[in-house]
Amino acid sequence: MLAVIVVPRAELGAQAARKKDTNRGVAVAELAKAKQAAARAAVAAAKEKEISKIDFLSIASVTSDPGYAGYIGVKPGTRVQFTGFAVTTGQPDRFRLARFLISCCAADAVPAFVEVSAKGQAIPPDNAWLKVTGKLVKKEGKFVVVQETMEPTETPANPYLTSWGL
């Protein structure tokens, strides 16, 4: 107990600062710059992984109307995620992801397609429901999703797209 009373408190204050002053303030400034650069890099990396809110019907529409792409903010490099069923095309490296658009009833259903580059993976069989995540690239004048991940998924409760957004 006596040692605790006799030994002075270990506080850093003005006297310690004067004794330790070696003009290392520059190192602190460099550390601050490095931390800011790391924070900017983290924000850029997060943005790179961010998935666009562009919906299936919009990207399918861009394929048939390239002028619409600029209007809704679609550009090469945009990261997207879509769910649909596979439709083989006969190409060894591509398939289509499809959903049916219904305006009134099943009788007026028309397919909407999103082209997907399998990027070396096996082409899924027709009708396999998938969730595909990837980046958009422009090939042959239309947007194609170059898949990063392709996961089997259950058929959605409502597998159809509607013009009224349900």
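Mentor: Start with burial: buried means under 20% relative accessible area, exposed means over 50%, and partly exposed lies in between, with a 1.4 Å probe and protein chains only. This is a predicted model, where local features need pLDDT of at least 70, side-chain atom pairs count only at pLDDT 80 or more, and totals for chains, interfaces and linings use all residues. Residues are numbered from 1 along each chain as its sequence is written, and side-chain values use heavy atoms, with hydrogens and water left out.

Trainee: Fine. How many helices and strands are in the protein chain?

Mentor: The protein chain has 5 helices and 6 strands. Those are DSSP runs numbered from the N terminus: helices are H or I with at least four residues, strands are E with at least two.

Trainee: What pattern does the protein chain follow along the sequence?

Mentor: It reads α-α-α-α-α-β-β-β-β-β-β.

Trainee: And what share of the residues is buried?

Mentor: Buried residues account for 27% of the 166 in the protein chain.

Trainee: What about contacts in the protein chain: what percentage join residues at least 24 apart?

Mentor: Take contacts between residues at least 6 apart in sequence: 61% of them join residues at least 24 apart. Contact means heavy atoms within 4.5 Å.

Trainee: Switching topic. How many salt bridges does the structure hold?

Mentor: The structure holds 4. The criterion is a side-chain nitrogen of Lys or Arg within 4 Å of a carboxyl oxygen of Asp or Glu. Side chains of opposite charge can pair when their charged atoms come close.

Trainee: Which residue does Arg79 pair with?

Mentor: Arg79 bridges to Glu148, with the closest N and O atoms 2.8 Å apart. Arg79 sits in strand 1 and Glu148 in strand 5, so the pair ties together parts 69 residues apart in sequence.

Trainee: Is Arg79 buried or exposed?

Mentor: Arg79 is buried, at 17% relative accessible area. Glu148 is partly exposed, at 33%.

Trainee: Next one. Which residue forms a salt bridge with Glu140?

Mentor: Arg94 does, and the closest N and O atoms are 3.9 Å apart. Glu140 lies in the loop between strand 4 and strand 5, and Arg94 lies in strand 2 (residues 94-102), so this pair ties together parts 46 residues apart in sequence.

Trainee: What is the phi of Glu140?

Mentor: Near 55°, a positive value in a residue other than glycine. Most residues other than glycine have a negative phi.

Trainee: Now Lys119. What is its phi, and where does it lie?

Mentor: The phi of Lys119 is near 50°, also positive in a residue other than glycine. Lys119 lies in the loop between strand 3 (110-117) and strand 4 (129-139). It counts as exposed, because its relative accessibility is 55%.

Trainee: Back to salt bridges. Which residues are linked in a network?

Mentor: Arg96, Glu115 and Lys142 are linked in one. Within it, the side chains of Glu115 and Lys142 meet at 3.8 Å, N to O. That pair links distant parts of the chain: Glu115 in strand 3 and Lys142 in strand 5, 27 residues apart. Glu115 counts as buried at 8% relative accessibility, and Lys142 as partly exposed at 22%.

Trainee: What does Ser117 contact, beyond its neighbours within four places in sequence?

Mentor: Ser117 is in contact with Asp93, Arg94, Lys139, Val144, Val145, Val146 and Gln147. Ser117 lies in strand 3. At 8% relative accessibility, Ser117 counts as buried.

Trainee: Last one. Where is Pro76?

Mentor: In the loop between helix 5 (66-72) and strand 1 (79-88). Pro76 counts as exposed at 52% relative accessibility. Leaving aside neighbours within four places in sequence, Pro76 is in contact with Leu136, Lys138 and Phe143. Pro76 and Lys138 are 62 residues apart in sequence, yet 6.2 Å apart in space, C-alpha to C-alpha.
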